[in-house]
Amino acid sequence: MFFGADPTYLLCVFLPALILSLGVQFYVRNTFARWSRVPNRAQVTGKQTTDMLFQRTTLNPVRVEPTRGSLTDHFDPRDNIVRLSETVYGKTTVSALAVSAHELGHVQQYQTGSSLIKARGILLPAIQYSPTLSYMSILMGIIFNISGLVWLGVLFFALLVVFSFLTLPIELDASRRAIRMLEASGLLVSTEDKAGAQAVLRAAAMTYLAAAITSLLQLFYYMSLASRRSS
């Protein structure tokens, strides 16, 4: 039995990952929604936050544009563009303040040559192909009962796990940079602003932690498959 048909996979990977994902999703959305109802004391929108941080810090300005959806905010290093969601770009909330500053934290990482970003960049070419190679190797190894192929698939998948765990400190670092920039630029006017911004950023980091844990559970499962084929 394999993947969805394997009770071990259902009990040790699928169900824990599903519960973790739903729990984190609820926590993130609830935290973001709570602080999306609280205006920031500086009374600046997400877009205005980025403009002021460009003016008051050493960041080199990049393009900032709106994008559809909620929690779809991101920095695209290929086009050097920050895209802010509809719930951030034009809103004067604590959530908008925190999220827009977080994306500029990523901008700062690239502009200062963060070692974490460089390390992830080294892995990026391999990550583009490792999922397909991993699943194909594991599947072929099981079908033809070749344990070496299964272990090769495990190795390819391990690259994904490393990439996933490397993303977590990158996100935490971007959040730390965001808080420092907000404080240095005077945009965290009250203690409520700071507490709310930190809460939103902590919640956002939980999504990457959940993804990393899920990938690790899958890796352990694939390793158990390989061990069974080797014995």
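How much accessible surface does the chain have, and what percentage of it belongs to carbon and sulfur atoms? The accessible surface comes to about 11800 Å², of which 62% belongs to carbon and sulfur atoms, as given by the Shrake-Rupley method with a 1.4 Å probe. The model is predicted, so that local features need pLDDT of at least 70 and side-chain atom pairs count only at pLDDT 80 or more, while totals for chains, interfaces and linings use all residues. Residues are numbered from 1 along each chain as its sequence is written, and side-chain values use heavy atoms, without hydrogens and water.

**View 1. The aromatic pair of F75 and Y110.** The ring centres of F75 and Y110 lie 5.6 Å apart with the planes at 65°, so the pair is edge-to-face (rings of Phe, Tyr and Trp, the last by its six-membered ring, pair if their centres lie within 6.5 Å; planes under 30 degrees apart are stacked, over 60 edge-to-face, the rest tilted). Because F75 belongs to strand β2 (residues 74–76) and Y110 to helix α4 (residues 94–111), the pair ties together parts 35 residues apart in sequence (helices, H or I of at least four residues, and strands, E of at least two, are DSSP runs numbered from the N terminus). F75 is buried at a relative accessible area of 11%, whereas Y110 is partly exposed at 34% (buried is under 20%, exposed over 50%, partly exposed in between, with a 1.4 Å probe and protein chains only).

**View 2. A cluster of aromatic rings.** Ring pairs join Y9, Y135, F157, Y221 and Y222 into a cluster.

**View 3. Residue L11 in helix α1.** Helix α1 covers residues 7–35 and includes L11, which is exposed with a relative accessible area of 60%.
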